Structure formats: structure tokens, C-alpha cells
Amino acid sequence: MSNQASTSDIAAYLFVGNKEVASMRKYCDECKKEVETKIITKRDAYNVCGETIEVDAQVLVCAECGEEFYSEELDSATLVRAYNEYRRRHKLLLPEEIKKIREQYGLSQRSFAKLLNWGDKTICRYENGSIQDKAHNSLLLFLRKPENMKTYLTEESVR
Ligand SMILES: [Zn+2]
């Protein structure tokens, strides 16, 4: 079930995140003292757009008793994984792929959104990790090809 190609950048991000959080000592409520922490991997289920997505979640725990600590870095990295798994299942473009399509035309997020007749912030949201709707995804896929963009622009100008 692993998807090496598209998760490699997340792995890199996680590595950086781990270094930050792993060195942290925390107060454990169970042990009633400051403890060393470590990171474990476990299967976790996330709800993405109404669908249950299982991913390997990295969790910060007490090295002595295993009590879990909340870590924003690890939690958001897991969420990114769950979102990407959802995208993979539904054949949706990744945020960086959307960005690439936009950049190949040298457009800002706002002007690209305008060209597509979408809300001002739509492209910005997608590039920042929101899941795009299916119709939007299809249009982006179509416009990835420069010849299709030409057709689209011609149709837009006669409308
Ligand atoms: Zn503990």
C-alpha cells in the first residue's frame, strides 16, 4: 500500500519534524515526572472528505510508559499523508502538481484562479493542501497540456 514516489517529500518533512520533537523531554502524566520521548509508528484512521483513510501515523510517546503526547508537527504530517492517500485513491492531483501546472504558465495563484473562473483563493487553498473537487481536478489535468490551454483560452475569448 506504500506509495514511495509521492510520499518521499513527506518523509523528508517528517525527518526534520522528528529531529525537532524527538529531542524534547516532556512531563508525563502517567509517570508523574519528566521523561525521554520517542516516536513510534502505528496505524491510524482519518476521516478525509467523509471517507475513512488508514495511514501509518508517527506518534510521540513517553519512552518509559508509552503514553502518547500531542505533537503538532507529527499530527499535521500524518494528516498530509492521509490526504495524499485520498488523492491517490481518487486520482487527484497533488498540491505541488497543481502548483507546477500554474507555474508552467507563469501565472500567480490569483490570476490562474481568475482565468479558470474560480474564486480568488481557490488555487491558493489547493496548493496549500485542501482537497480539490473532481470537476476542478479534471480541468487542471486538461490544462496541463499547453495545446489544451490554447484551446481553452480561445474558447474563453469568444464566450
Ligand atoms: Zn510515562
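What share of the 159 residues in the chain is buried? I looked this up and found that buried residues make up 18% of the chain, where a residue counts as buried if 20 or more other C-beta atoms, placed from the backbone, lie within 10 Å of its own.

I note that this is a predicted model, in which local features need pLDDT of at least 70 and side-chain atom pairs count only at pLDDT 80 or more, while totals for chains, interfaces and linings use all residues. Residues are numbered from 1 along each chain as its sequence is written.

Next I looked up the secondary structure, which comes to seven helices and four strands, taken as DSSP runs of at least four residues (H or I) for helices and at least two (E) for strands, numbered from the N terminus. Along the sequence I read the pattern α-β-β-β-β-α-α-α-α-α-α.

I then turned to the strands: E1 (residues 25-28) and E2 (residues 33-48) pair in the antiparallel sense over four bridges, pairing being called when DSSP finds at least two bridges between two strands. Tyrosine 27 has glutamate 34 in E2 as its bridge partner. The two strands, E1 and E2, form a hairpin with four residues between them, and lysine 32 in the turn has a positive phi of about 55°.

Conventions:
A residue is buried if 20 or more other C-beta atoms lie within 10 Å of its own, exposed if 12 or fewer, and partly exposed in between; C-beta atoms are placed from the backbone.
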